[in-house]
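Here is a structure to read step by step. Have the sequence and the coordinates open as you go.

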Amino acid sequence: MLAKLYLLGFGDEGWGLSLLVTAAVTLLLSITGFLMGTVFGSLAAAGRLSSYRLPKTLAYCYGTAFRGVPDLLTIYLFYYGGSVALTALAGFFGSTQFIGLPTFATGVAAIGIISGAYQSEVYRGAYLAIDQGQFDAARSLALPRFQMLRLVIAPQLVRHAIPGLSNVWQLVLKDSALISVIGLVELMRQAQIGAGSTREPFIFYLAAAALYFLMGSITNQIFRLMEARTARGFSRS
Amino acid sequence: MIDVHFFLKIIPTLLSGLPLTLQLSAASIVFGLVLALTLALAQLQARWFVVWPIRGFVAVFRGTPLLVQIFLIYYGLGQFRPSLRAIGLWWLFREPYWCAILALTLNTAAYGSEIFRGAIRNVPQGLAEAALSLGMSRLLTLRFVILPLAFRQALPSYSNEVILMIKGTSLASIITLMEVTGIAQGLISQSYRAIEVFIAAGGIYLTLNFTIVHLFTMLETKLTPYRIRA
């Protein structure tokens, strides 16, 4: 077992560098997907909080559906569904080939949609946690609606949202491993490739687990720091 | 755009995967609950050689993707076939079915033990002191005062964990188990009708999850009649 550790090294036969590079792909995929989820999530939260029925229902259905359906199924929907749509579009312009979707973009879209559903709940909760007096105070200063949101509400919303967002981020980082099923060579896929060609699955999946663990721990610390920073001025009871 | 005939045709096919989904979920939830409670209770002991290994186990299983855990158990441990055979555990690690259940169990036990640990810690200290002052032993206090209250408090978070587990069983399809998601993937790659299959399979999971949420809400109402919100 220990004799095989050279496989993870950086020498000629070592897979160390490719594992690190693909860990960076995982990180990039997760960050981009998470940011896309922020967009979907805030839109959906705004919909849920709206007083009109249509956006409310749409946002509710979006949140419920993508939080209740396995992420793997959503990923298949995006990959196959997107490819079929793209092929149909290309067929319209005279192409007869089947076109596969770029896997990175598909992964980002799938993670964005899934994490957006989770993030919408975080933002909604954070918005509802803001004291009503803050809105009244902003109105009494005759702040226009946009300025009220930007200067008064948003900063407080971020403070309430960070712990929840930190949870969603951990979920996203681990979910990104599922994108390996559509063939994107991120950390999980690279570990599979390594395991297959060296016939040493144990050591490769252990290495992948360690790298995920490391990325999760470091990013968790970053969120802790942000939480502490946004919470300064508020005493802990 | 949606082919209704095709949609109706695939529903029975997808439902044929439901028993396996339910088996995987039920087995891992039951085993996972027992293990989670054991781990949470064991941590009430302040001995470092008990607490540290458990903390390590929990951190590792919460900090790594479920897919990696499944692969590590199924493919990774499969590499040690001679040794596993020697200790008589090969039957377990040979079958993707048992490997999936083992991985899901360990995963949910790690999350569950944190939920129960938090809930036990949140039971007001005064209640335990009151019970001890009545002459109840530590075990009796645990059994009649702390655990019932902790259990009630843990219910909402635990129902989330159960839903996550149901969704987690979909990963078993990657190690060849044809449960609902596995069948769905097969149907999509045969027919290329992703939307219909997604709606049908998604509908099955949503129905399942709604039922579970409903059951938990009922249990919660039953256990906490004084806390019902209008």
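Predicted model: local features only at pLDDT ≥ 70, side-chain atom pairs only at ≥ 80, totals over all residues.

Me: What are the mean pLDDT of chain B and the ipTM of the model?
Reply: pLDDT is the predictor's confidence in each residue, from 0 to 100. In chain B, 98% of the residues reach 70 or more, and the mean is 92. The model has a pTM of 0.91 and an ipTM of 0.90.

Me: How many helices does chain A have?
Reply: Helices are DSSP runs of H or I with at least four residues, strands are runs of E with at least two, and both are numbered from the N terminus. Along the sequence, chain A reads α-α-α-α-α-α-α-α. It has 0 strands, and its helices number 8.

Me: What share of chain A is buried?
Reply: A residue is buried if 20 or more other C-beta atoms lie within 10 Å of its own, exposed if 12 or fewer, and partly exposed in between, with C-beta atoms placed from the backbone. Chain A has 237 residues, and the buried share is 38%.

Me: How far does H3 of chain A reach from its first C-alpha to its last?
Reply: The expected span of a helix is 1.5 Å times one less than its number of residues. H3(A) covers residues 71-92, which is 22 residues. The expected value is 32 Å, and the helix comes close to it at 31 Å.

Me: Which helices of chain B do the buried residues of H3(A) pack against?
Reply: Among the buried residues of H3(A) are Leu72(A), Ile75(A) and Tyr79(A). Within chain A, the buried residues pack against H2, H4 and H6. In chain B, they pack against H9, H10 and H11.

Me: At what angle do H3(A) and H10(B) pack, and are they roughly parallel or antiparallel?
Reply: Axes are lines fitted to C-alpha atoms, for helices over the stretch in contact, and angles run from 0 to 180 degrees between N-to-C directions. Under 35 degrees counts as roughly parallel, over 145 as roughly antiparallel, 65 to 115 as roughly perpendicular, and the rest as oblique. The axes of H3(A) and H10(B) are 10 Å apart, at an angle of about 5°. The two helices are therefore roughly parallel.

Me: Which residues of H10(B) meet H3(A)?
Reply: Two residues are in contact if their C-beta atoms, placed from the backbone, lie within 7 Å. H3(A) brings Leu72(A), Leu73(A), Tyr76(A) and Tyr80(A). H10(B) answers with Thr181(B), Ala184(B), Gln185(B), Ile188(B) and Ser189(B).

Me: Which helix supplies the largest share of the side of chain A that touches chain B?
Reply: In total, 28 residues of chain A are in contact with 30 residues of chain B. H2, H3, H7 and H8 of chain A each supply at least two residues of that side. The largest share, 10 residues, comes from H8(A).

Me: Is Leu178(A) buried or exposed?
Reply: Leu178(A) sits in the loop between H6 and H7 of chain A. Beyond its neighbours within four places in sequence, Leu178(A) is in contact with Asp71(A), Leu72(A), Ile75(A) and Leu67(B). Because Leu178(A) has 26 C-beta neighbours inside 10 Å, it counts as buried.

Terms used. Residues numbered from 1 in each chain as written. Chains lettered and ligands numbered in written order.
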